[in-house]
Amino acid sequence: STVKQPPITANTLTIIRQEEGLRLTPYRDGDGYSIGYGHYLGTKAPAPGTRITTAQAEAYLMQDATEAADFIRKYVRVPLGQNQFDALVSFVFNVGAPAFVRSTMLKRLNEKNFPAASEQFRRWVYQGSTVLQALVTRRAREKTLFLA
């Protein structure tokens, strides 16, 4: 049986908007391409001239945030507060559900060990073997929100 988790709120989406930034044309993102607020397009280069509207970016954001929230609802078996939920939606939005499902963070969450779970944020700062300062900063903000 699933535990009732908080809803996606305007604040949840604001956090992701701030973390991802808005780009209406495709950009390189890790092993592929993204557009809008970090909406992953895949590994194949998008057609030249590909462009979306802000409204399309918002629709992708809602779709992707809902997907991240659904994964949290499916796999986190302990009740979360709104701040914890928002931090995790931002985190899962960024690292992807498959990585989250296999993570020590999820294990610690399900043990109700929130301090240990929060320590896991700082481990997710790499692109390949390179530490990205943008991810260090983002994870610090997510951890702060999670503990707030």
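Analyst: Lys112 counts as exposed because its relative accessibility is 53%; by the convention used, exposed means over 50% relative accessible area, buried means under 20%, and partly exposed lies in between (1.4 Å probe, protein chains only). The model is predicted, so local features need pLDDT of at least 70 and side-chain atom pairs count only at pLDDT 80 or more, whereas totals for chains, interfaces and linings use all residues. Residues are numbered from 1 along each chain as its sequence is written, and side-chain values use heavy atoms, with hydrogens and water left out.

Lys112 sits in the loop between α5 (104-110) and α6 (114-119). Helices are DSSP runs of H or I with at least four residues, strands are runs of E with at least two, and both are numbered from the N terminus. The backbone at Lys112 has a positive phi of about 65°, although this residue is not a glycine. Most residues other than glycine have a negative phi.

With a relative accessible area of 25%, Thr50 is partly exposed. Thr25 is 25 residues away from Thr50 in sequence, yet their C-alpha atoms are 6.1 Å apart. When neighbours within four places in sequence are set aside, Thr50 is in contact (heavy atoms within 4.5 Å) with Leu24, Thr25, Pro26 and Ile35.

Asp86 belongs to helix α3 (residues 82-95). Asp86 is buried but has no salt bridge, and Arg73, the nearest side chain of opposite charge, is 8.4 Å away. A salt bridge here requires a side-chain nitrogen of Lys or Arg within 4 Å of a carboxyl oxygen of Asp or Glu; Lys and Arg count as positive and Asp and Glu as negative, while His and the chain ends are not counted. Beyond its neighbours within four places in sequence, Asp86 contacts Thr9, Asn11, Thr12, Ile15 and Leu145.

These residues belong to a protein chain with seven helices and five strands. Along the sequence, the elements follow the pattern α-β-β-β-α-α-α-α-α-β-β-α. Of the 148 residues of the chain, 41% count as buried. Among contacts between residues at least 6 apart in sequence, 59% join residues at least 24 apart. The C-alpha trace spans about 50 × 35 × 25 Å along its principal axes.
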